[in-house]
Amino acid sequence: MVTSARMLRSLAAIIPTRNEEHSIAAAIASAISAGAAEIIVSDGGSIDGTVAVARSAGAKVISGSGIRGEQLNRAAAEATSDALIFLHGDSCLPRNAASMALDALNEGYVFGGFRIAFQETRMALRMAAAMINLRTRFSRCPWGDQGQFISRERFISIGGYRPFPIMEDYEMALRMKGAGRVALINDFIETSGRRFLRKGVLRTAALNWYVITLYHAGRSPDELARIYRC
């Protein structure tokens with residue numbers, strides 16, 4: 001287990017993007033309000049105004065491969081803060097999220113995330129969020145849309161995320177659960193429910209679990225990405 005003799009005092013927000021021009025400014029603003037010392041947007045080939053909006057909102061922007069795991073690792077390599085939090089481009093951190101994450105890491109948690117709430121107010125999405133939060137409470141495996149956080153030292157030592165097009169967050173959560181205590185912060189990260197609304201809440205939830213089942217059955221991340229995005 002990696003340990004640090006010094007207190008972690010600063011946190012960088014890492015935001016992977018691809019065509020998020022309508023939501024990225026809010027995500028960056030939330031990271032600023034959350035107390036992030038650095039905000040790094042890792043763009044994976046946006047063809048809209050994402051990069052320009054991100055820069056004007058105050059983020060450092062780097063570009064490269066659109067594979068999610070590689071996007072996250074590329075931005076993490078640019079960070080100089082003591083800890084990292086990974087935020088989706090259509091999500092918003094709660095206020096003081098940086099101090100909450102840093103407190104958890106300084107208390108000995110090796111990894112963590114937040115409870116989730118959807119930005120849209122439909123009852124089906126509130127029920128879906130409740131199920132996600134219940135699952136996380138028992139599994140101690142917060143997924144990528146829950147603002148995964150970790151010390152930069154530990155992130156480097158474990159080699160970061162796997163260079164997967166999908167499931168990199170789930171694999172990380174499982175790996176870190178095996179490494180030590182995982183924190184689940186009670187405050188909510190707000191995220192877009194657009195995928196649930198577009199494909200249907202029940203269908204999306206069923207697809208998520210189907211992909212997880214196939215992952216444990218040994219199917220490749222590339223194949224899972226094709227299934228997930230169909």
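**Exercise 1.** In this predicted model, determine how many bridges join β4 to strand β7, and in which sense the two strands run.

*Solution.* Begin with strand β7, which spans residues 149-151, and note that 3 bridges join β4 to this strand, the two running antiparallel. Within the pairing, Phe 149 of β7 is the bridge partner of Ile 85. Turning next to strand β1 (residues 11-17), one finds that β1 and β4 pair in the parallel sense over 4 bridges, and that Phe 86 in β4 stands opposite Ile 14.

**Exercise 2.** Work out which residues of strand β4 point one way and which the other way, and whether they are buried or exposed.

*Solution.* Along β4, which covers residues 83-86, Ala 83 and Ile 85 point one way, while Leu 84 and Phe 86 point the other way. All of these residues are buried.

**Exercise 3.** Identify the buried residues of helix α3 (residues 68-78) and explain why they lie on the same side of the helix.

*Solution.* The buried residues are Gly 69, Gln 71, Leu 72, Ala 75 and Ala 76. Because they cover an arc of only 160° around the axis, they are placed on the same side of α3. In general, an α-helix has 3.6 residues a turn, so residues three or four places apart point the same way.

Notes
Residues are numbered from 1 along each chain as its sequence is written. This is a predicted model: local features need pLDDT of at least 70, side-chain atom pairs count only at pLDDT 80 or more; totals for chains, interfaces and linings use all residues. Side-chain values use heavy atoms; hydrogens and water are left out. Buried means under 20% relative accessible area, exposed over 50%, partly exposed in between (1.4 Å probe, protein chains only). Two strands pair if DSSP finds at least two bridges between them. The arc is that of the directions from the helix axis to the C-beta atoms.
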